[in-house]
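The following note comments on the strand arrangement of the model shown here. Please read the points alongside the sequence and the coordinates.

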Amino acid sequence: MLVPPPSRLPTVAALAFDGMSPFELGCVVEIFGLSRPELRVPWYDLKVCAEGNEPMRVVGGFSMRAEHGLDVLASADTVIVPGVADVRAPVSPALVAALRQAFERKARIVSICSGAFALAAAGLLDGREATTHWKYADLLQRRFPEIRVNTDVLYVDGGQILTSAGSAAGLDLLVHLVRTDHGATVANAVARRLVIPPHRDGGQAQFIQARGDAGRRGRRGGQGDGVGAGPPERADQRRRSGEDGPHGGAHLRQAIQGQTGTSPLRWVISQRVAASLPMLESTGAPVEEIGAAVGFESPVTFRHHFTRAMRTSPSAYRRAFSAAR
């Protein structure tokens, strides 16, 4: 959890660079740069940083200039690298030095998509599990063999170091940061503002283009090409209304798979786990009662699926957020 001195807001520094795509940086600005007084929690102080103060070209035909340099990035509480200009080019020594300085200060360091190459060049991913966009994964592994590259996840939370897959998975990771800092209720409110699901655990898989055909596998849509499939509620509404179509249950399964990127059972389990988070944070109800309230048949089943999704037990999750409050 990010805990700055009480006299100031936690600082988030995002890297801007020449030739960048605006989507990933825009996600960072949307989540950390907007004032959110309605949430009644200390929000973040966002700084957009670059190596120089000259205008930078942005994909789409416009340019921008950052107000802060790498010294501000190196001193931030959270550092976010939303990409690199060229995954095959060397990372500048100045950026490597700033990232290492931030790491030594115990700053939280985050990459989105190809930003993992910058963290890797700084040696921050050596011996760690990390992810990136699936189309860059083989190259990342070849260039930095000390990394355990995992292409089957949306993001990897390694504590101080966090990495995410392509563009839209960055949103999942950024909301995960808010959840870590402020709890499920605040994170869910931010997700509602963004009109995205409140929680997708990092262990869900990327969609990966199969070699030789147009097939895809995984449980997340369009990494690098948009924000993914439509809302799962539509398939759920069809299930409740009995509109299964000519193929009955098979049609329903196909519809849910197409719109959520996962099987009906896994989607229901993920929604039940997500529903339990605010209850664990804000009530004193026993874990067994909470599991039953969100639809799990037994405490053992609840604990199993919760631990698989959240990488911790319900009781440990409750203790962590109780301590934070």
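**Notes on strand S6 and its sheet**

1. In strand S6 (residues 108-111), Arg108 and Val110 point one way and Ile109 and Ser111 the other, and all are buried (under 20% relative accessible area, 1.4 Å probe, protein chains only). Strands here are DSSP runs of E with at least two residues, and helices are runs of H or I with at least four, numbered from the N terminus. In a regular strand the side chains alternate between the two faces of the sheet.

2. The model is predicted: local features need pLDDT of at least 70, and side-chain atom pairs count only at pLDDT 80 or more, whereas totals for chains, interfaces and linings use all residues. Residues are numbered from 1 along each chain as its sequence is written, and side-chain values use heavy atoms, without hydrogens and water.

3. S6 runs parallel to strand S5 (residues 78-81), joined by four bridges; strands count as paired if DSSP finds at least two bridges between them. Val81 has Ser111 as its bridge partner in S6. Helix H3 (residues 93-104) lies on the path from S5 to S6, a right-handed β-α-β crossover (clockwise from the first strand over the helix to the second, with the strands pointing away from the viewer).

4. S6 also pairs with strand S10 (residues 161-164), in the parallel sense, over three bridges. Here Val110 stands opposite Leu162.

5. The open sheet has six strands in the order S2-S1-S5-S6-S10-S9, with mixed pairing. Strands S2 (45-49) and S9 (155-157) stand at the edges, each with a single partner strand, so one side of each lacks a neighbour in the sheet.

How values were computed:
Buried means under 20% relative accessible area, exposed over 50%, partly exposed in between (1.4 Å probe, protein chains only).
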